[in-house]
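Hi,

Here is the structure I promised to pass on.

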Amino acid sequence: SQGNCVYTCPQNTYLDTDQKCHSCHKNCEKCTGDKNGQCTKCVDSYYFYNGFCDNECPANKYKNDQRDCVNCDENCEICKDLTHCGKCKPGFFESNGKCVKNCAKGYWKDHNPSRCQPCPRGCATCISPNHCLTCEVNFFLKNDRECVNKCGVEYFGDNQSRTCDCCPKHCDECQNKDQCDKCTIGFSLTP
């Protein structure tokens with residue numbers, strides 16, 4: 001009630017320099033002034049950050065169970081919580097909810113969206129979904145960009161370099177670049 005002398009100001013009010021209790025902003029349960037930005041605790045259904053009480057947290061913060069807005073990981077712009085980033089800062093890539101500068105082996109940097117994407121099957125390292133740099137065991141790099149189990153007609157798998165190399169001219173099947181096992185139709189194999 002108004003006009004009473006109290007030791008501490010009641011909830012939703014604050015003690016001003018005139019030694020009177022004044023109303024907090026409508027979003028504040030406790031405050032140091034009458035503006036949103038001077039809150040110390042929010043009324044239910046609002047989230048607290050830097051003195052403000054709002055119904056949503058800013059993009060670079062997430063809501064915790066205490067109704068506080070907490071900072072995302074330092075390299076994250078938008079997050080659901082500390083372990084789930086939705087959008088990374090420029091120069092960083094999302095990988096398993098975290099923002100990383102470099103993607104792990106077997107992943108490539110996709111710039112739209114900024115995310116680490118898995119390399120294609122058989123690819124150990126790649127720079128895009130269509131360009132492998134190295135292949136997994138039992139795969140060969142063909143045409144300097146794709147990983148294959150079998151190199152196919154006119155190629156052989158070089159076990160040293162893990163690449164598909166060309167067979168000799170007019171040769172469909174070979175074990176190495178010096179000896180043909182099966183010639184192209186219209187050509188004969190010499191003894």
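Below is what turned up, starting with the cores and moving on to the strands. Keep in mind as you read that this is a predicted model.

First, the cores. The largest nonpolar core is made of nine residues.

Leaving out residues up to four places away in sequence, Cys123 touches Cys132, Thr134, Cys135, Glu136 and Cys147. Another core, of eight residues, lies apart from the largest one, and its members include Tyr62, Cys72, Cys79 and Cys88. As background, nonpolar side chains in soluble globular proteins tend to be buried together.

Now the strands. β9 (residues 76-81) pairs with β10 (residues 84-88) in the antiparallel sense, over four bridges. The two are joined by a hairpin through two residues, and Asp81 has His84 in β10 as its bridge partner.

Further along, have a look at β21 (residues 171-176) and β22 (residues 179-183), which are also an antiparallel pair with four bridges. Two residues sit between β21 and β22 in their hairpin. Which residue of β22 stands opposite Cys171? That one is Cys183.

Cheers

Methods: Residues numbered from 1 in each chain as written. Predicted model: local features only at pLDDT ≥ 70, side-chain atom pairs only at ≥ 80, totals over all residues. Heavy atoms only, no water. Core = buried A, V, L, I, M, F, W, Y, C linked by side-chain atoms within 4.5 Å. Buried < 20%, exposed > 50% of the residue type's maximum accessible area, 1.4 Å probe, protein only. Contact = heavy atoms within 4.5 Å. Pairing = 2+ DSSP bridges.
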